[in-house]
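Good morning, and thank you for making time for this item. Please keep the sequence and the model in view while I go through the fold, beginning with the strand pairing.

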Amino acid sequence: RIGSRDHEEFWMALVDTRNRLIGWELVSKGTVDQAAVYPREVLSVALRHKASGMILVHNHPGADPRPSVQDVDFTRRIISAAREIDVRVLDHLVVTENRFFSFQSEGML
């Protein structure tokens, strides 16, 4: 859905207590190499949807789905903040046109 875009976008998949999808929302649309996203915005979206869990998703317009240092730091900040309001971070996916990186699969959550 977003892997082939020529600019970064940050989306959230929101789920209920049984991990059923209750929302899919664009949080930020950026430039060719970054999208400004703030923990406050992410948590606001989760609370507005009354989500129990969320999957963070953003694309890298190049062919490399490996997360940047900023991606890793941001993910840690979101996990910490979400824990305070009892919202689970199930995964953070970084996607390109043909590949993806999963924080969950790589043991980084």
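Predicted model: local features only at pLDDT ≥ 70, side-chain atom pairs only at ≥ 80, totals over all residues.

Strand 1 and strand 2 (residues 21–29) run antiparallel and are joined by seven bridges. Residues are numbered from 1 along each chain as its sequence is written, and side-chain values use heavy atoms, with hydrogens and water left out.

Two terms are needed here. Helices (H or I, at least four residues) and strands (E, at least two) are DSSP runs, numbered from the N terminus. Two strands are said to pair if DSSP finds at least two bridges between them.

Within the pairing of these strands, Trp-24 in strand 2 is the bridge partner of Ala-13, and Ser-28 in strand 2 is the bridge partner of Phe-10. The hairpin of strand 1 and strand 2 has five residues between the strands, and there Asn-19 takes a positive phi near 60 degrees.

Strand 1 also pairs with strand 3 (residues 53–59), again in the antiparallel sense, over six bridges. In that pairing, Met-12 has Leu-56 of strand 3 as its bridge partner.

Is strand 1 buried or exposed? Strand 1 (residues 9–15) is mostly covered, with seven of its seven residues buried; buried means under 20% relative accessible area, exposed means over 50%, and partly exposed lies in between, with a 1.4 Å probe and protein chains only. Both faces of strand 1 are covered: one side carries Glu-9, Trp-11, Ala-13 and Val-15, the other Phe-10, Met-12 and Leu-14, and all are buried.

Let me now turn to the chain as a whole. The chain holds two helices and five strands, and along the sequence they follow the pattern β-β-α-β-α-β-β. Its radius of gyration is 13 Å, which agrees with the value near 13 Å that a compact globule of 109 residues would have. That radius is taken over C-alpha atoms, and the globule rule is 2.2 Å times the number of residues to the power 0.38. Along its principal axes, the C-alpha trace spans about 35 × 25 × 25 Å.

Of the 109 residues, 47% count as buried. Contact means heavy atoms within 4.5 Å; among contacts between residues at least 6 apart in sequence, 64% join residues at least 24 apart.

Next, the loops. Lys-50 is found in the loop between helix 1 (39–48) and strand 3. Phi of Lys-50 is near 55 degrees, a positive value in a residue other than glycine, and Lys-50 counts as exposed because its relative accessibility is 72%. Asp-86 is placed in the loop between helix 2 (69–84) and strand 4. Asp-86 is likewise a residue other than glycine with a positive phi, near 60 degrees, and its relative accessibility of 67% is why Asp-86 counts as exposed.

The loop between strand 4 (88–95) and strand 5 (100–102) contains Arg-99. With a relative accessible area of 46%, Arg-99 is partly exposed. Which residues does Arg-99 contact, leaving aside its neighbours within four places in sequence? They are Ala-63, Asp-64, Pro-65 and Val-94. Arg-99 and His-58, which are 41 residues apart in sequence, are 12 Å apart in space, C-alpha to C-alpha.

Finally, helix 2. Arg-76 lies in helix 2 and counts as exposed, at 58% relative accessibility. Its C-alpha atom is separated by 18 Å from that of Val-27, 49 residues apart along the chain. Asp-73 is also found in helix 2, but Asp-73 is partly exposed, with a relative accessible area of 41%. The C-alpha atoms of Asp-73 and Lys-29 are separated by 19 Å, and these residues are 44 apart along the chain.

Thank you; I will take questions now.
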